[in-house]
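Please look through the sequence and the fold below.

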Amino acid sequence: MAIQMNIAITALLLLFTSIPILECTDIDVVANFGAVADGQTDLSQPLMNAWKEACASPEAVNILQLQGTLMAPEDPTVFKEATWVSISYVDGLTMFGGGVFDGQGASAWGQNDCAKNKNCVKLPINIRFHVVKNSLIQDITTKDSKQFHVNVLGCSNITFQSFTVSAPEESLNTDGIHIGRSDGVYILDSKIGTGDDCVSLGDGSNNVKVQGVTCGPGHGISIGSLGKYKNEEPILGVFVTQCTFANTMNGVRIKTWPASQPGSATDIHFEDITMDNVGNPILVDQEYCPWNQCDLSVPSRVQLSTLSFKNIRGTSKTQIAVKLICSSGLPCDEVELADIDLTYNGPEGPAISQCSNVHPALSGVQNPAACSSEPTGEAAP
């Protein structure tokens, strides 16, 4: 097993980082490689020297311990790539220790406003996991990333447990954990607060489990957006359970573009969810069109099937608490609503639901009343 890390770092603070080798040798970056934990000194070279020594070990290296805070440069122009810390081609990694990756992104968030700037700046992601297998990331925090906090691409059997994402609501385009083209990603017992999706799933995300996550602030947990690009891979098997959303823009959401490329998302389940003052608690949007950059007259060609929303309860801050807007070209198939109890106390009246191109199977409590028979987008009280 080998470990390869590309650390694009300057002006860092590192209180303690060690790589135990088979529990018998510590490579201590501060003690053994001259790193200075003063918040000013560039630690790129000490870190790279430590990685090289670890990789040169005749024994397997699979444990990375981070204590203290690792700080990125505030100036985004010093980054040659859209990545701060990248961990690639690792099998059997364990990262732990209670440490913090601080992206110091506040000065860069204004450059992330894609609503005003179609050519969004490619700012660095805090941590990328690329082709990482059979690994555990535990008790680690990512804070104030300039762009996404974590990107998971091409990975398999990777778990984030007791993981924290911390950024204010105004931090634009700072998804907490973004997953793409990976199989077996588990996000467990974690707390995610940021300025965009707490968890977002791109194409090719298969066998994903999100359990025991508290989301807020943020835009909710989202599948998509899908269908914007050619050759997107199907999504199969997503389970979001026992999660709490507080004061988020959305709750659980699936979004696809109109006039899209073909694609599919199948076997997606949201269950045992608590909503506390959440906008759009249940949302399927196959007319997703941010910044009016699409043709709404052409339906989405992404097929959504085998979707379930069960035991979702709490309060909505939008009157439409359940909104299922499916494609007129490929209506949603095998959708289930069970034990939905969402209330709204705004001036417009009680919570309502709205549906188009879908006929969900219903069971248990339905509050608001489910719109099982409105094919053209009418709302049900």
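Predicted model: local features only at pLDDT ≥ 70, side-chain atom pairs only at ≥ 80, totals over all residues.

A general rule applies here. In soluble globular proteins, nonpolar side chains tend to be buried together.

## The largest pocket

The largest pocket has a volume of about 1,500 Å³. Its lining counts 42 residues. Closest to the centre are Phe148, Asn173, Ser225, Tyr229 and Trp291.

Which elements give two or more residues to the lining of the largest pocket? They are strand 9 (125–138), strand 11 (150–153), strand 14 (177–180), strand 20 (221–226) and strand 22 (252–256). Strand 11 gives the most, with three residues. By class, the lining of this pocket divides into 15 nonpolar, 14 polar and 13 charged residues.

## Cavities

How many cavities of 30 Å³ or more does a search of the whole structure find? The search finds two. The second largest cavity has a volume of about 50 Å³.

The lining of the second largest cavity consists of Asp203, Leu226, Gly227, Glu232, Glu233, Ile235, Pro262, Gly263, Ser264 and Val302. Four of these residues are nonpolar, three are polar and three are charged.

## Helix 2

Helix 2 covers residues 44–56.

Which residues of helix 2 are buried? Ser44, Pro46, Leu47, Ala50, Trp51 and Ala54 are buried. An α-helix has 3.6 residues a turn, so residues three or four places apart point the same way. The buried set includes Leu47, Ala50 and Ala54.

Most residues other than glycine have a negative phi, and most peptide bonds are trans. Two peptide bonds deserve a look on that account.

The bond from Gly224 to Ser225 is cis, with omega near 15°. Ser225 sits in strand 20. Ser225 is also among the residues closest to the centre of the largest pocket. The bond from Asn367 to Pro368 is cis too. Its omega is near 10°. Pro368 lies in the loop between strand 29 (361–367) and strand 30 (376–380).

## Positive phi away from glycine

Arg181 is not a glycine, yet has a positive phi of about 50°. Arg181 is placed in the loop between strand 14 and strand 15 (182–188). Is Arg181 buried or partly exposed? With a relative accessible area of 37%, Arg181 is partly exposed.

Gln242 also has a positive phi, near 55°. Gln242 is found in strand 21, residues 235–246. The relative accessible area of Gln242 is 48%, so this residue is partly exposed. The cut-off for exposed is over 50%.

Methods: Residues numbered from 1 in each chain as written. Heavy atoms only, no water. 1 Å grid on protein atoms, 1.4 Å probe; cavity = no way out; pocket = protein on both sides within 12 Å on 5 of 7 lines; lining within 4 Å. Points joined across faces, edges and corners; volume = space filled by probe spheres on them. Helix = DSSP H or I, 4+ residues; strand = E, 2+ residues; numbered from the N terminus. Nonpolar A, V, L, I, M, F, W, Y, C, P; charged D, E, K, R; others polar. Expected span 1.5 Å × (residues − 1). Buried < 20%, exposed > 50% of the residue type's maximum accessible area, 1.4 Å probe, protein only.
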